[in-house]
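Subject: Structure for you to look at

Hi,

Here is the structure I promised to pass on. Have a look at it first, then read my notes below.

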Amino acid sequence: MSMNHSPSFQILHHNEVGYIARCSCCEDVQIELGNIATHMDVESFHNFHASLIEISHDLESSLAEAPSGQKIMLRTPVQNIYMAFTLREFAATLDLFGQASVMLEINELVGD
């Protein structure tokens, strides 16, 4: 899906760190976290959510010292680019993905 077309979205969940929505045209999941926007298919969304849950079980291994303080660093597919979260931001991101995942399951059950 091109990020340039004008689809309609179903907001699955939003909080202080961002939004997760589902595109009505292609059914991809749109994710906005701060100034980062991306989209992925539902399976990739669930895989990304599972990786966040896995990281949450061992936060110590993902913590790194950054100039702005201690951050949870998530490697992206692009070499040397990471997503950096404070503990509070990571908890809110985990909640955002968790609530959106529940909404996707509900939509599946009701046939939406």
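One definition before anything else: a residue is called buried under 20% relative accessible area, exposed over 50%, and partly exposed in between (1.4 Å probe, protein chains only). Keep in mind that this is a predicted model, where local features need pLDDT of at least 70, side-chain atom pairs count only at pLDDT 80 or more, and totals for chains, interfaces and linings use all residues. Residues are numbered from 1 along each chain as its sequence is written, and side-chain values use heavy atoms, with hydrogens and water left out.

At 53% relative accessibility, Cys-25 falls in the exposed class. Cys-26, in no disulfide, has the sulfur of Cys-23 as its nearest cysteine sulfur, 3.7 Å away. Cys-26 itself is partly exposed, at 32% relative accessibility.

How many disulfides does a search of the whole structure find? The count is zero, where a disulfide means a pair of cysteine sulfur atoms within 2.5 Å. For Cys-25, the closest cysteine sulfur is the one in Cys-23, and because 4.4 Å separates the two, they are too far apart for a bond.

Salt bridges

Searching the whole structure for salt bridges (a side-chain nitrogen of Lys or Arg within 4 Å of a carboxyl oxygen of Asp or Glu) turns up two. One of them joins Arg-88 and Glu-16, with the closest N and O atoms 3.7 Å apart. Arg-88 sits in helix H2 (residues 87–110) and Glu-16 in the loop between strand S1 (9–15) and strand S2 (18–23), so this pair ties together parts that are 72 residues apart in sequence. In case you wonder about the labels, helices (H or I, at least four residues) and strands (E, at least two) are DSSP runs, numbered from the N terminus.

Positive phi angles

Most residues other than glycine have a negative phi. Asn-80 also has a positive phi, near 65 degrees. You'll find Asn-80 in the loop between strand S6 (69–75) and strand S7 (82–85), where Asn-80 is exposed with a relative accessible area of 63%.

Aromatic rings

Which residues do ring pairs link into a cluster? They are Phe-45, Phe-48 and Phe-97. The whole structure has three aromatic pairs, meaning rings of Phe, Tyr and Trp (its six-membered ring) whose centres lie within 6.5 Å; planes under 30 degrees apart count as stacked, over 60 as edge-to-face and the rest as tilted. Phe-45 and Phe-97 have ring centres 5.2 Å apart and planes at 10 degrees, so they count as stacked. This pair links distant parts of the chain, with Phe-45 in helix H1 and Phe-97 in helix H2, 52 residues apart. Phe-45 is buried at 0% relative accessible area, and Phe-97 is buried at 0% as well.

Phe-48 and Phe-97 have ring centres 5.3 Å apart and planes at 55 degrees, so that pair is tilted. Phe-48 is partly exposed, with a relative accessible area of 26%.

A surface patch and a buried serine

Helix H2 also holds Val-102, which is partly exposed at 41%. Together with Ile-106, Leu-109 and Val-110, Val-102 forms a nonpolar patch on the surface, with about 410 Å² of accessible area in total. Such patches are made of residues with over 30% relative accessible area and no salt bridge: like charges are joined within 9 Å, nonpolar side chains (Val, Leu, Ile, Met, Phe, Trp, Tyr) within 5 Å. The areas come from the Shrake-Rupley method with a 1.4 Å probe, and for residues only the protein chains shown count as cover.

Last, find Ser-62 in the loop between helix H1 (42–56) and strand S5 (63–66). Is Ser-62 buried or exposed? Ser-62 is buried, at 13% relative accessibility.

Cheers
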